[in-house]
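Take a look at the structure below. The paragraphs after it lead through its parts one at a time.

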Amino acid sequence: MTTSAMLILDILMVLSLLSLAAAALATSDARRSVILFMAFGLVLALAWARLQAPDVALAEAAIGAGLSGALLLAAVGDQPRRALTGDTKPVHHHDHSNLKLMLEWTVTLLCIAVAGALAWALAQAFERAPQATLAQAVSENLATSGVSNPVTAVLLNFRAYDTLLELAVLLTAVLGIFALGPARPGYRTAGPVFGGLVRWLVPVLILAAAYLLWVGAHAPGGAFQAGATLAAAGVVLRLAGQRTVGLPQGPTLHLVIAAGVGTFLLVGLSLLVLGRPFLGYPPAWAGGLILLIETAAMLAIAATLVLAFLGGRPQPPRVNVTGGKPPAASISTLRPRSREGLSGADVPGAESHKHFSEENRQC
Amino acid sequence: MSDTLIWLFALPLTGAVATLLLPRQATALANVTAVATTAVAATLLHAVSRQGTLSYEIGGWSAGLGIALRADGLSTLLLMMTALVVLASSVYASAYFSKAAERARFWPLWLLLWTALNALLLSGDLFNLYVTLELLGLSAVALASLGGKLAAVQAALRYLLVGLLGSMMFLAGVSLVYAGYGTLDLSTLAHTVEAGPLAWTALALMTAGLLLKTALFPLHFWLPPAHASAPAPVSAVLSALVVKAAFYLVLRLWLDVFADLLTPAAARLLGVMGAAAILWGSWRALRTERLKLLAAYSTVAQLGYLFLFFPILLAMPPGPARDAALGGLVILALTHGFAKAGLFLAIGIIQQRCGHDRICELDGTAQRLPATTFAIALGGVALIGLPPSGAFLGKWQLIGGAFATGQWLWVLVIIAGSLLAAAYIFRVLGHAFGNRAYPQSTVTVAREEWPALVLTGTAVIGLGLAGAPVWQLLGSNA
Amino acid sequence: MLTAHWLYGITGCLVVALGLRTALLHALLLHRLIGINVMGAGVFLMLIAVAYRGPGVAPDPVPHALVLTGIVVAVSATALALALARRLTAEQDDE
């Protein structure tokens, strides 16, 4: 593309980003806000692709726009009448006291100042000689890292410790979500059209995930993108009314969500015990170890994101559930199970019954 | 020997995974992990006191390309305090949660919180610090909302939003630093950073984010409800350790990495906010009706003392006087950590046994729960700053430093704060030692009571009488 | 100094400010969460703009890795916040 065409594309991209962000933030309707936010995320993914960041673009489209949007939409769907959607409280406080108005103006000015300071500092940073030292170090050490995709090398080798902690963050989030209550009631079992589509789509997504995982070693891709694709398969299954959404039950589920952190620790500590530095892969084994860690991480990421979409502890399936009995199935799954010892009686059955009474959700 | 740096975060993290996979043995596993990690922390303390700063390059990659861990005197002392406080609170928590389901949910998150604390204190990389801050925030929020009560969930949600805001600002600062200097390694940055709008904005953003997380007045609004509604062992760790971690980062950034940029005006701003925190926090603690809220407001006030050190430290040229003042700061932070944790554990016992934590209805507590009341009294002594507690040493340094640098206004604030602290502590003790004609007897479990006693005892006696090694250890601050 | 640096970098700063304003001012949780996520997107824009080295030159992979980590951390936090909000509404419905 010629420089001027690129410039026009850039300007259009930047303008869409700014207007989508502003629109998403300004609207008072929650659903509209989330959809605009998803659009913002998708244009952002395009921006990453334009800025030669394809790994980030894949992750942004799948996680940043896709899964975040799905989570937010599911949350909006929870509360049709309550505070999330903005129906109960007016957003524009112009009819309120002058104090509120002054506060708004002060904060707006503060934000403008922050933007100005950031821009000024960034300009200064650009004016200094471009610091290529780290990029240089990466390319110098890429050969011994075990992969040829530099981003994967940074994520899974040079700065693998960050990725370990990040997987711990995912684990913490899902454990926190588990502790807060059972999952949302499911959806009605899909009809023939959607069901047919899902039967075709889910295997394709699984294959795509496996491909992304494999190809991440030498091309854009990797554990996070693969995990997000798998999670998308899980979300699609959920929307089609599938109860278990491909997740294992009980203790196996804990094994899966802890797999990422566990594998990392296993590899890292074994290397430490064998005399090498923590997470210092021997160059001959680096590729294999990275693939091992990435596979476990992919499963953990996928499970965590699907559980986040479910919104809580998944309820074990009931025996008599068939396609023809969705209402009973949904209500009965909300009664607390004492069998496994992990689904505690935080939310008494009667209360959850009343709360989750709108169980027949149409996809 | 520098392998201990790895084990310090790897042990709690392994424990977290283990307690998740084996919920029936979770309590035993967690306590074993706690003891093991404390042992490793003690080994590290010993090593650092002999050899000075220890560092470890993860993966063997040189600092810059990879992530480096660093343990100097300051971080080692805080690591040791973290280990002892978490160990004592773990023993308490083993008895606190009665239902197996609650315990199964608690232990993995608890150990993840400890992992975050240790990882944060050891980290030598800016972006790694961001990730540890997020891990710390999320695990703290998840723990604070355990139990699912309305007040706790509301407070936890606010805590989460404030924490996220702070993390985003911190990350904005980190990205500026990378944009300008091309490295994220703290020790490299300490040599490369130059004064200018870039460094200024980066430091301002990072500090603002951290001040939100350390609840410095006026950004403290989220702390009292969150700490007061959380389960007792969680409150102990939140007040004693989690807010201190953010403070440690401010200290690290201001004194080590960006030391050349600082102006007296900036330090004075921190000092003013600290002074306001002392007065406002102590006043609210005096006026509150609930013990847990009192302890939470007291945290807000005590953090103010720590920030009062900034204008004084920066007005002193590097030398023995400044080192002495820094030692005072650290010992004050350590004492508060132990004392506040012990206090929250003791309040937890009272809350469980009496069914409430209202101050006015504490009559007869000393008759029923003498050990616990004694723990509260000890904790109170440390919070007021009476000798022989470590806080006395710290405040002595603070007052001395204020006079030496001619900033005697802070002395008035310190005196007022200490008087207010005395007032609210004696108010509680006055009620607790009130006599009831027919006190109900309660059964107390030793496992519950002695952690609080040990923690507050350390604050008052241990750190006070044996405080000298702190200065020695800090002297090895490379 | 490439035009792309300026364009996307400054956009990032503006997006951060937009997100910050909503995160601070808006009364409702969902909008505040979106505001925080938008702030994150702005910071990522700044980072990726810094990483860009021009057409035909390989970009700096370190900010890409940082942004990837940031995206995952942001979605974890959002998920926890939404779960808390759901529990909050359940508790409030009880009262």
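A residue counts as buried if 20 or more other C-beta atoms lie within 10 Å of its own, as exposed if 12 or fewer do, and as partly exposed in between; the C-beta atoms are placed from the backbone. Q52(A) is buried, with 20 other C-beta atoms within 10 Å. Q52(A) sits in the loop between α2 (30-50) and α3 (54-78) of chain A. Its phi is positive, about 60°, although Q52(A) is not a glycine. Helices (H or I, at least four residues) and strands (E, at least two) are DSSP runs, numbered from the N terminus.

This is a predicted model: local features need pLDDT of at least 70, side-chain atom pairs count only at pLDDT 80 or more, and totals for chains, interfaces and linings use all residues. Residues are numbered from 1 along each chain as its sequence is written, while chains are lettered from A and ligands numbered from 1 in the order in which they are written.

Turn to chain C. It has three helices and zero strands. Along the sequence the pattern is α-α-α. The radius of gyration of chain C, taken over C-alpha atoms, is 17 Å. Even so, buried residues make up 78% of the 95 residues in chain C.

Next comes the meeting of chain C and chain A. Two residues are in contact if their C-beta atoms, placed from the backbone, lie within 7 Å. The contact takes 63 residues from chain C and 73 residues from chain A. On the chain C side, α1 (3-25), α2 (29-51) and α3 (61-94) each supply at least two residues. α3(C) gives the most, with 26 residues. The chain C side divides into 44 nonpolar, 13 polar and six charged residues. Here Ala, Val, Leu, Ile, Met, Phe, Trp, Tyr, Cys and Pro count as nonpolar, Asp, Glu, Lys and Arg as charged, and the others, Gly among them, as polar.

What does I48(C) touch? Leaving out residues up to four places away in sequence, I48(C) touches W48(A), L51(A), A53(A), V56(A), P63(C) and V67(C). I48(C) also belongs to the largest nonpolar core, which has 377 residues. Such a core is a set of buried Ala, Val, Leu, Ile, Met, Phe, Trp, Tyr and Cys residues joined through C-beta atoms within 7 Å. A144(B), I48(C) and L80(C) have the most contacts inside this core.

Now follow helix α11 (residues 259-273) of chain A. Its 15 residues reach 20 Å from first C-alpha to last, close to the 21 Å expected at 1.5 Å a residue. That expected span is 1.5 Å times one less than the number of residues. The buried residues of α11(A) include F264(A), L265(A) and L271(A). They pack against α7 (160-180), α10 (251-257) and α12 (286-310) of chain A, together with α1 (3-21) of chain B. Just after α11(A), G275(A) takes a positive phi of about 100°.

Finish in chain B. The peptide bond from F217(B) to P218(B) is cis, with omega near 0°. P218(B) is in the loop between α8 (197-214) and α9 (223-229). A215(B) is found in the loop between α8 and α9 of chain B. Phi of A215(B) is positive, near 60°.

Notes:
Rg over C-alpha atoms; globule rule 2.2 N^0.38 Å.
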